[in-house]
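Here's my note on this one, as promised. Have a look at the model first, then read on.

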Amino acid sequence: MMQISEPELLASLKTTFGYDHFREGQLEIVETLLHGDDAFVVMPTGAGKSLCYQLPAILSDRKTIIVSPLVALMDDQVAALRQNGVAASKIHSHQSYDENADQWLTFASPGPQLLYMSPERLMQPRMLEALKQQSVGMFVVDEAHCISKWGAAFRPEYEALSQLKTLFPDAQIAAFTATADEATRQDIVQKLSDENCRVFLKGFDRPNLSLAVLPKEKLKDRLVDLLEPKRGQSGIVYCLSRKDTDEIAAVLSAKGFPALAYHAGKDGDYRREAQNRFMTEDGLIMVATIAFGMGIDKPDIRFVVHASLPSSMEAFYQEIGRAGRDGEPAETILFYSMQDFIKRQNMIFDGEGEGDFKLLEYKRLEALIGYCEATTCRRMSILTYFDESSTPCGNCDNCLDPPVVEDYSAKAQAIFSAIDQTGQFFGQAHILDVLKGAQNAKIRQRNHQDLACFGALADDPKPFMQSWMRQLIALGAVRANLARYGALEITEIGAQINAGKTAFMAKTPKASKTSSSSRGSSQGSGKKTTTLEGADDKLFQALKAVRLEIAQEKNIPAYAVFHDSALKEFATLKPKTRAQFEEINGVGPKKLDRYFEAFSSAIELYVSAHKHGG
Ligand code: ADP
Ligand code: ZN
């Protein structure tokens with residue numbers, strides 16, 4: 001247990017990390033851990049969770065183990081800590097036996113030490129024995145939601161961590177996650193700690209992320225249009241399949257974007273290299289399956305695009321959460337189609353797992369469909385799902401360009417009649433063909449051209465019909481029965497609409513051209529830009545080049561040298577002396593020692609060149 005005053009904590013924050021102030025929630029958590037209590041923290045991605053345990057670990061006189069699920073994450077965190085002069089080590093399978101032995105010796109040497117490990121390694125009997133000989137004061141469990149079967153990303157190897165509290169009764173536990181609903185939270189606390197655990201819920205809102213959903217039509221063209229103004233920015237494009245990933249990366253590369261494909265089909269060396277480049281270089285686009293992302297803590301990812309529907313609301317929120325960790329504006333866009341929804345449904349019900357779990361997963365997917373079809377603020381739709389209330393955000397497509405909602409009960413009734421008259425036996429494509437009055441073999445075979453509903457919506461454009469259908473499904477008025485290959489059925493809610501007891505209020509579909517142009521203009525307005533003006537921006541770019549060179553030489557992520565925010569301040573304030581540098585947020589004594597030379601001379605060079613040049 002340690003008593004350290006707030007001014008002292010602020011001073012250590014500056015000397016170790018170079019930061020001038022704590023972010024929301026950090027101080028309280030740091031104090032709790034220094035006090036010796038267990039803590040469970042739910043904080044949105046990018047809020048600054050790592051610092052909450054790193055600072056107490058550094059100030060403590062005992063040792064700290066950090067359980068982390070991913071090698072890349074360990075590497076980055078340890079690199080960043082070492083840049084700040086903190087004694088941190090890691091033991092994992094990508095290091096040789098000798099390297100690991102070396103890291104252990106560092107950890108076992110006197111003083112506060114931080115050691116990163118995977119849960120499997122930690123729970124090996126030999127490792128546990130060895131740790132009992134060390135004075136371990138704290139176990140930190142990162143991505144703690146992985147311990148819960150209720151969570152969206154259960155990992156069996158996390159379950160063994162529930163033994164820690166009995167194996168090390170004197171050590172404290174600190175668990176962190178960015179995502180956990182009520183059931184998952186209770187499960188985590190129960191497994192890792194006891195009723196004395198202090199729980200910190202810091203909310204889910206990420207106001208700097210803009211939110212938009214677009215219909216998935218002419219995907220590749222629209223993607224290229226969308227990314228055009230973002231050249232030079234780092235981003236992720238998520239795809240469902242390896243094939244899509246390769247294709248989209250190829251399309252983007254052909255258009256001159258620096259894009260890489262990343263999925264589980266690529267070999268380990270390629271993946272490490274790709275990830276390394278993404279972390280180090282500026283302005284790369286990673287086109288990836290979900291194999292990429294966990295543990296990506298690059299702070300300046302400016303956009304996350306979903307080329308396919310994610311698996312659930314949780315997964316979606318975690319994936320877009322990788323954008324804008326630095327707090328600057330970042331954009332998220334989801335391309336959405338009914339086909340993708342059906343695909344996801346099938347993946348859940350064909351997948352492994354108990355019936356209960358499948359239903360839970362299906363609910364999480366449905367919540368995401370609700371988000372896609374929302375007619376009001378999308379942020380409210382997300383936050384409501386996570387049990388938080390909010391007001392319209394002004395930073396989503398629905399807020400900026402509110403959809404027109406009208407009564408489409410008559411259209412819904414036409415759709416119901418087609419489902420009904422064909423015996424609730426067919427999927428969306430055939431139902432829409434019947435309503436459109438299409439001439440095709442399937443229709444002739446079944447004599448569906450003779451039905452009363454045949455051609456009932458012949459005058460409506462196909463995309464409009466698809467949009468109504470999607471909204472009916474999102475509303476729960478129509479359900480795809482997976483046991484019957486996606487045959488559409490009318491539910492109780494649907495029956496109400498069919499009987500005229502409730503109205504089907506739905507978005508008026510927009511022709512895709514107008515929707516994209518109006519979206520473009522509204523997104524552009526009122527948004528902080530992330531680049532600097534004129535001359536300052538040139539210096540900023542020059543400083544980024546200096547940073548890239550250092551990062552490549554040391555083989556560490558660029559942001560571990562300095563964040564963009566610090567470089568921007570260098571570019572505007574043009575500091576000369578060490579004291580002037582140290583005043584900038586993000587510059588601590590260790591980094592000053594290392595990089596003062598490189599950056600001050602780059603600034604000086606630039607300033608004098610521009611003086612003479614007029
Ligand atoms: P999380 O784990 O919650 O997603 P991180 O711990 O990776 O977030 O922190 C996100 C970013 O914010 C990191 O780049 C980190 O260096 C930075 N950061 C954390 N705390 C502060 C602070 N007090 N002041 C400035 N930047 C901070
Ligand atoms: Zn909104």
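The points below cover the domains, one interface and the ligand.

1. First, the ground rules. This is a predicted model, where local features need pLDDT of at least 70, side-chain atom pairs count only at pLDDT 80 or more, and totals for chains, interfaces and linings use all residues. Residues are numbered from 1 along each chain as its sequence is written, chains are lettered from A and ligands numbered from 1 in the order in which they are written, and side-chain values use heavy atoms, leaving out hydrogens and water.

2. The protein splits into domain 1 (6–201), domain 2 (209–400), domain 3 (405–518) and domain 4 (537–609), with bounds from an automatic or database domain assignment. The centres of domain 1 and domain 4, taken over C-alpha atoms, sit 30 Å apart.

3. How do domain 1 and domain 4 touch? In domain 1, 14 residues are in contact with 18 residues of domain 4 (heavy atoms within 4.5 Å). Together they bury about 1100 Å², 48% of it on carbon and sulfur atoms; that's the accessible area (1.4 Å probe) the two parts lose on being put together, summed over both.

4. Now ligand 1: among the 15 residues around it, Tyr19, Gly46, Ser50, Arg325 and His563 come nearest (near means a heavy atom within 4 Å). An oxygen atom of ligand 1 is 2.5 Å from a polar side-chain atom of Ser50, and one is 2.6 Å from a polar backbone atom of Gly46.

Terms used: Polar contact = N/O pair within 3.5 Å; in protein donor to acceptor, adjacent residues only side chain to side chain.
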